[in-house]
Amino acid sequence: MAAPLRKILASPSALTKTQFIHTFKSKTKFIFPPTVQCRRSISTLGNELNVEYLDAEHEGIVVFGINRPAAKNAVNRSVLTLFEEAVQAVRYDKNVRSVIIKSDVPGIFSAGADLKERVTLSPKEVASFVDRLRKFTMDITNLPMPVIAALDGTAVGGGLEFALACDMRTATTTTQMGLVETRLAIIPGGGGTQRLARLVGPSVAKELIFTARVFNGEKAAELGIVNHVVEQDDSNEAAYKKALDLAKEIIPQGPIAVQMAKLAINKGMDVDLTSALAYEGAYYAQVIPTKDRIEALNAFKEKRKPQFKGE
């Protein structure tokens, strides 16, 4: 891993010098790192999703790492539950300034829905799962802090839909992606039809979805689907490193201001300009009484860097 980290799987209680990693198939493991203090313990999360609270220069960044190598990171009901719990754990943590979603499996971000599980489900169970997936993508979008998807490997179907639900995306030139559901005689059900159309326009989105086209990171950048595209390196984490750099740029900014800016943009995208400007005014009003705003003014006057606390 490129940065020091605490590998912790979420819950609200506080512990000291203890890491908990809970897996589906083994007893809880206790790891005692020599210098770090942990703010979180494990709830019921499994080893198919790693949640890392980064330290040092990357403090404030939380990384969700999908880890199902045998299934190419395909998302089944248990993995979706892990994601739901992880998102809820960071939602109200004011120490978290940015979230990165990545893969811990080289060469693959996510192959989408777990088709081996899908064939065992009844039509009613399939509909229920897709409804949960769609709701979860909204949970990602509605996290108060910025969320970045790092695509160091293939992201197709529901895997790309997870990424589209994030605020920003990084990819490599060799990353392959696409909404390929029409190959299976279905349509994207995790928000892909709507989010892709909002990014690239309805005509281009229709072409990509109707043809189930797979395209690379360079094409994704050209279309505006990803924010940054980089050459892959020997670590197979070039997109993740770029996401870290992007998150690191966000960390020093006023956290409440970043949250309000995100809300203003997200809400404003779905309404007319007059209504959108009203949203902007409403969210601007939220930052005026904050201690961080006063701290920024004092720091400017005193010619020093501001120390924001999210208050």
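Visitor: How many residues does α1 have, and what is its reach from first C-alpha to last?
Guide: α1 has 15 residues and reaches 21 Å between those two atoms, close to the 21 Å expected at 1.5 Å a residue; the expected span is 1.5 Å times one less than the number of residues. Helices (H or I, at least four residues) and strands (E, at least two) are DSSP runs, numbered from the N terminus. This is a predicted model, in which local features need pLDDT of at least 70 and side-chain atom pairs count only at pLDDT 80 or more, whereas totals for chains, interfaces and linings use all residues. Residues are numbered from 1 along each chain as its sequence is written, and side-chain values use heavy atoms, with hydrogens and water left out.

Visitor: Which residues of α1 are buried?
Guide: They are V79, L80, L82, F83, A86, V87, V90 and R91, where buried means under 20% relative accessible area, exposed over 50% and partly exposed in between (1.4 Å probe, protein chains only). They lie on the same side of α1, because they cover an arc of only 165° around the axis; the arc is that of the directions from the helix axis to the C-beta atoms.

Visitor: And what do they pack against?
Guide: Their partners are β4 (49–54), β5 (61–66), β6 (98–103), α3 (123–141) and α4 (158–164). Contact here means heavy atoms within 4.5 Å.

Visitor: Where does the largest share of the largest nonpolar core come from?
Guide: That core has 48 residues, and F64, F83, L151, M177, L196 and I225 have the most contacts inside it. Its largest share, seven residues, comes from helix α1 (residues 77–91). A nonpolar core is a set of buried Ala, Val, Leu, Ile, Met, Phe, Trp, Tyr and Cys residues joined through side-chain atoms within 4.5 Å.

Visitor: What is F64 in contact with?
Guide: Leaving aside neighbours within four places in sequence, F64 has contacts that include F83, A86, V87, V90, V99 and I101.

Visitor: Turning to β6, how many of its residues are buried?
Guide: Six of the six are buried, so β6 is largely enclosed by the rest of the structure. On one side are S98, I100 and K102, and on the other V99, I101 and S103.

Visitor: How many bridges join β5 to β6?
Guide: Six bridges join these strands, which run parallel, and V62 stands opposite V99 in β6. Two strands pair if DSSP finds at least two bridges between them.

Visitor: Another topic: is E48 buried or exposed?
Guide: E48 is buried, with a relative accessible area of 16%, and is located in the loop between β3 (29–31) and β4.
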